[in-house]
Amino acid sequence: MTVGRKKSLYVVVALISGVILAVGILLLFGKGNDVSPEPVVFEPKGELHEVVILTPPGIGTLRTGLEDLHGNPIGVACSTCHADRAALVDTPMIEHAADLKEFHTELKFEHGTLTCSSCHHPDDRDKLRLSNGTEVAFTDVMTLCAQCHGTQYRSYENGAHGGMTGYWDLSRGPRERNNCVACHNPHAPAFPQLQPAPPPRDRFFNPTH
Amino acid sequence: MSQESEEPTVGGVTRRTAMKALGATLGAAAFARAMVPLQALTEETSVDEFLQKHYKEMTPEELRKVMDRLEKETLERYGAEVEIFDAKPIPGVEYGYALNLSVCVGCRKCAEACHIENNHDRKTNNSYIRVLEMEQGSMDMERGNASYDHPVPAPGKFYMPVQCQQCANPPCVDVCPVQATWKEDDGIVVVDYNWCIGCRYCEAACPYHARRFNWSRPEIAAEEVNPVQAYLSNRIRPKGVVEKCTFCLHRTREGKHPACLEACPTGARVFGNLLDPNSEIRWVLENKRVYILKEELGTQPRFFYYFD
Amino acid sequence: MMSSKELSHTLSYPKFLWRSLVLATDGSLLFYAWMTFLTALALVGANAYAHQVAEGMHLTAMSDHVSWWLYIANFTFLVGLAAGGVMMVIPAYLYDDHEMHDVVIIGELLAIAALVMCTLFVVVDLGRPDRFWHLMPGVGKLNWPVSMLAWDVIVLNGYLLLNLHIVGYLLYTRFLGKTPNKNWYVPFVFISIVWAISIHTVTAFLFSGLGGRPFWNTAILAPRFLNSAFVAGPAFIIVTLQLVKWATGFEIGTGPIRTLSQVLRVTVLLNLFLLGAELFTAFYTGGTHASAVNYLFFGLHGYTGLVPWTWTAIAFNVTGAIILLQGRISEKLKWLNVACVLVFFGVWIEKGMGLIIPGFIPSTLHEMVEYVPSLAEWKVTIGVWALGFMIYTVALKIAIPVLTGKVSVKDRIK
């Protein structure tokens with residue numbers, strides 16, 4: 001072998017050895033992250049804290065805008081007018097919000113093709129009713145929403161709708177959830193538009209195009 | 001060059017040597033003048049901070065001393081009394097986070113809550129969460145826009161908040177040259193802010209724009225500082241280091257929800273323990289049409305998106 | 001082994017160092033003017049850097065979207081220059097080109113100066129340079145073998161040590177007037193050939209290993225890096241050899257320049273071919289993965305910051321390639337020098353702006369944030385380059401007289 005060829009051989013051998021060494025080291029140590037390789041087993045804890053559903057105070061009453069000494073809103077029970085006043089008792093129930101000319105004129109209605117008696121009990125205005133006639137108290141309004149909005153209710157039951165504050169780990173603390181009507185106005189349930197929090201002011205972030 | 005030329009000398013010193021000495025002195029003086037701005041640093045650094053060990057190599061006593069020192073520094077520099085603790089992972093927990101894109105309205109309350117909870121720099125309105133306004137019908141983020149400033153939800157758009165995905169195969173952890181960032185047992189990828197050298201390789205490596213670098217010292221008014229702080233998460237970070245979302249580990253490792261979830265007014269966020277078969281996050285993964293961002297990169301995120 | 005007339009190494013090595021210091025600080029008016037100019041630039045850079053360290057990196061124009069630029073762009077280019085500077089080693093040692101032997105040291109000294117600049121560019125890019133010790137294996141926590149940056153720290157420092165040893169040994173033995181012992185430098189030279197390729201491959205892997213940046217995540221990145229290193233290195237050395245001859249009268253012969261220009265011819269054309277391959281892959285497929293290339297060449301969504309630079313670089317490289325295709329180019333020195341300058345700057349633009357930036361624009365969330373370096377960044381960059389030139393000038397100032405025998409251990413020190 002000539003001297004030049006010998007040198008080329010040295011270089012080739014050095015190159016190949018270097019590559020094998022590097023690859024070997026990398027494979028040996030491996031690209032790691034710090035997650036432990038043994039499967040971790042979850043052990044359910046004992047006692048769970050309570051989950052409180054925050055129902056809006058004064059639900060099922062006509063709010064007067066006044067508050068009592070404890071700060072609770074003062075509301076007038078529906079039966080105050082609807083049970084005693086003969087004129088109301090005898091007249092058939094108004095079925096569409098557009099027909100409300102004398103009372104409840106501030107009501108905005110946007111809930112599909114529902115009529116008033118779809119939810120409100122025609123004989124007892126202090127109650128709601130399901131589609132099969134079962135009476136439902138106003139505080140149990142979620143049962144009424146659930147009969148049509150079962151998908152959302154199922155998600156809600158499994159903690160995937162309506163948000164929550166408190167603890168994800170109920171063995172360490174309680175949780176507060178929302179009632180359907182805490183976020184959704186039952187007469188116009190769609191979420192209103194809102195002005196978002198201000199956009200990011202990153203360095204040199206000036207989208208103009 | 002080896003022989004000295006016959007130059008006139010004064011006391012054995014040639015003119016050439018005298019000029020060289022003058023030049024060297026001037027140069028040294030100019031250099032000292034050039035370095036004057038560094039004087040400002042002596043107030044900010046200490047020997048303890050310089051020699052501080054890596055988080056994983058400190059004993060609990062050493063860590064407590066470090067946290068006491070940090071509390072003192074926060075009081076000196078920001079005028080706020082804080083309590084820094086070391087939040088340890090809960091055994092048997094691996095965090096997962098899901099986001100319902102059908103329900104997110106893009107209000108950015110999550111980003112705002114993150115900003116407040118994590119003691120971010122007020123000047124830049126920094127937050128670990130970036131909400132993209134996307135075109136309905138397209139998942140192309142190039143048509144997304146993070147700077148929208150109009151009532152939401154706008155017609156024809158949907159909203160996708162992006163934050164650290166706490167990947168199971170995180171590229172940021174692989175690339176850090178000093179092991180300043182690593183994945184903990186409960187899945188959260190954390191940064192030791194006192195070990196990070198600020199090379200920003202992790203920021204280049206992250207496919208989700210999850211990392212933030214402190215280009216200057218964070219500025220927060222004393223009354224706005226969140227005093228409940230953890231060493232690895234929301235303590236006020238020094239300038240020149242990288243930081244990221246830690247799933248609010250100072251809250252979640254106590255069993256509480258992260259701040260972004262509590263702030264969400266539409267309930268689009270679901271958080272919990274992936275190892276608990278009865279958790280809400282597991283229910284979402286098993287019952288909803290869930291997907292992850294940039295799945296083809298193999299990062300295996302622990303942040304899931306779904307439509308209802 | 002030592003004759004009674006020879007000094008022992010404990011006496012002759014300090015003499016060597018002292019003579020080197022004298023050589024480094026003694027010279028013509030031109031030398032002093034050049035060094036003073038460089039010192040001024042270096043001091044401006046040092047001051048700007050001191051401000052950056054004291055006040056934070058917000059003095060640069062980098063952002064969370066474009067988090068690397070001028071410093072890392074120069075770092076990348078200089079790693080290439082360091083690798084390419086050793087280009088001459090291959091013909092000299094592998095192919096027994098004896099004319100090259102004498103000028104190989106010039107390439108190795110370039111590698112040393114370039115490596116010092118590389119290290120400095122990394123240091124000025126760090127947010128916390130005071131935590132530099134975290135990178136030291138054993139003392140700190142170097143993330144080797146997983147992090148490519150850790151690999152880079154090791155290979156760059158190793159290469160620096162290699163070159164320091166080879167150059168130091170050859171200069172010292174020449175100073176002593178002895179023939180160098182082949183066992184002390186030839187194996188190291190062969191290692192340095194392989195190592196030169198590895199430093200730039202590791203630097204390329206730094207970028208190409210990031211899946212989240214599709215512009216970089218391509219197999220062609222390492223070949224492109226290496227090839228552009230072998231454009232910039234020879235181009236710089238061809239011009240430097242002529243400058244050295246002009247300034248010191250050091251005779252180099254026509255062989256080295258001929259060899260280097262032959263190499264340059266091939267690598268400049270290969271550079272254009274590799275660029276063409278990238279362009280085809282991007283534009284033929286189209287889609288979002290071509291966004292960065294679109295931004296580079298034509299602008300994207302109204303952002304056109306890099307378009308003039310890209311086309312200038314292409315114009316430089318193509319013009320340089322055409323000039324180099326002339327026959328007997330090594331004898332037409334004026335044309336050769338024009339071509340060298342053109343391709344050197346063409347590669348600088350291509351590597352710095354054409355390679356680093358489009359990795360960040362558009363960002364990983366496909367946002368567009370442009371970047372123009374701040375004055376502070378330019379000052380620091382120019383300061384580091386000035387320091388590198390100072391080191392290179394001083395190194396040549398020492399090496400040439402020692403190599404030509406003008407300075408040796410036999411001189412008396414007055």
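**Entry 1**

I began with B:Glu286, which counts as exposed at 53% relative accessibility (buried is under 20% relative accessible area, exposed over 50%, partly exposed in between, with a 1.4 Å probe and protein chains only). This is a predicted model, where local features need pLDDT of at least 70, side-chain atom pairs count only at pLDDT 80 or more, and totals for chains, interfaces and linings use all residues. I noted too that residues are numbered from 1 along each chain as its sequence is written, that chains are lettered from A and ligands numbered from 1 in the order in which they are written, and that side-chain values use heavy atoms, leaving out hydrogens and water.

The partner of B:Glu286 is B:Arg282, in a salt bridge with the closest N and O atoms 3.2 Å apart (a side-chain nitrogen of Lys or Arg within 4 Å of a carboxyl oxygen of Asp or Glu). I found both in helix H10 (residues 280-287) of chain B, four residues apart, about one turn of the helix (helices are DSSP runs of H or I with at least four residues, strands are runs of E with at least two, numbered from the N terminus). B:Arg282 is partly exposed at 23%.

**Entry 2: bridges between chains**

I counted 34 salt bridges over all chains, with seven across the interface of chain B and chain C.

C:Asp26 and B:Arg16 form a salt bridge at 3.0 Å, N to O. C:Asp26 sits in the loop between helix H1 (9-25) and helix H2 (29-55) of chain C and B:Arg16 in helix H1 (residues 15-34) of chain B, so this pair joins two chains. I see C:Asp26 as buried at 12%, while B:Arg16 is partly exposed at 34%.

Next I looked up C:Lys141 and B:Glu57, a salt bridge at 3.1 Å, N to O. C:Lys141 is buried at 16%; B:Glu57 is partly exposed at 40%.

B:Glu49 also bridges to C:Arg131, at 3.8 Å, and a network of salt bridges links B:Glu49, C:Arg128, C:Asp130 and C:Arg131.

**Entry 3: the whole interface**

How many residues does each chain bring to the contact? I get 63 from chain B and 61 from chain C, with contact meaning heavy atoms within 4.5 Å. The area buried between them is about 5400 Å², with 57% from carbon and sulfur atoms (the accessible area, 1.4 Å probe, that two parts lose on being put together, summed over both).
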